[in-house]
Amino acid sequence: RSRRSAWPPLTSSDVCLPTLSGRSDSHGGRPDGRPTPMSLRQRRATAAKTTDDAKMRRKAAATAAAAAAPTTTTTPPPAPAAMRPADVDEWSVEHVVQWARDVGVRGAVVQQLQRHRINGSILLDLTEDDFRRAPLQLELLGDVKYLASSIDYLKRRGDDARDEAAERA
């Protein structure tokens, strides 16, 4: 009974002998074009490198996905108005902060609104340029666009409410 190897048996022509230049005669392959068998150490090193490469690709993909996280510029859902006046112009800084949290604005941006004492009337006057320039200087385009879109929604909602009140009168 002989044990069969996964690799075909080696012949004298399969052996790679070093030349005077330091390179092997077959330059990493057999004369018939087949690759030479790898040692166990080479296979493990290749498997480890492949695993490390795959981990790095997954990490890079996760980082790219996080950077491109869905920061939508679509119209956000209406903010719960349970504790806020109906007229945005009457909102205090605390009302603006609560509204920003309710519509999903990032915490760092909410802190900026609070630190700069943005109340309802100021909020309605802010533009994308105001968010990009000092002192607010929001760095992420998604934050700027989302906040501007949310404020536009508030303005449209206020206009609609005024139009309905005018029709009733």
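This is a short walk through the structure shown above, from its overall build to a few single residues. The model is predicted.

Start with the whole protein. It has six helices and zero strands. Read along the sequence, the pattern is therefore α-α-α-α-α-α. The protein contains 169 residues, and 22% of them are buried. Its accessible surface comes to about 12400 Å². Carbon and sulfur atoms hold 55% of that surface.

Next, look at how parts of the sequence meet. Take the contacts between residues at least 6 apart in sequence. Of these, 53% join residues at least 24 apart.

Now zoom in on one residue, V103. Find helix α2, which covers residues 93–103. V103 belongs to this helix. Is V103 buried or exposed? Its relative accessibility is 8%. Buried means under 20%, so V103 counts as buried. Now compare V103 with L147. The two are 44 residues apart in sequence. In space, their C-alpha atoms are 9.1 Å apart.

Finish with the aromatic rings. How many aromatic pairs are there? The count comes to one. The partners are W91 and W99. A pair of aromatic rings is described by the distance of the centres and the angle of the planes. For W91 and W99, the centres lie 6.2 Å apart. The angle between their planes is 45°. Planes under 30 degrees apart would count as stacked, and planes over 60 as edge-to-face.

Key. Residues are numbered from 1 along each chain as its sequence is written. This is a predicted model: local features need pLDDT of at least 70, side-chain atom pairs count only at pLDDT 80 or more; totals for chains, interfaces and linings use all residues. Side-chain values use heavy atoms; hydrogens and water are left out. Helices (H or I, at least four residues) and strands (E, at least two) are DSSP runs, numbered from the N terminus. Buried means under 20% relative accessible area, exposed over 50%, partly exposed in between (1.4 Å probe, protein chains only). Contact means heavy atoms within 4.5 Å. Accessible areas come from the Shrake-Rupley method with a 1.4 Å probe; for residues, only the protein chains shown count as cover. Rings of Phe, Tyr and Trp (its six-membered ring) pair if their centres lie within 6.5 Å; planes under 30 degrees apart count as stacked, over 60 as edge-to-face and the rest as tilted.
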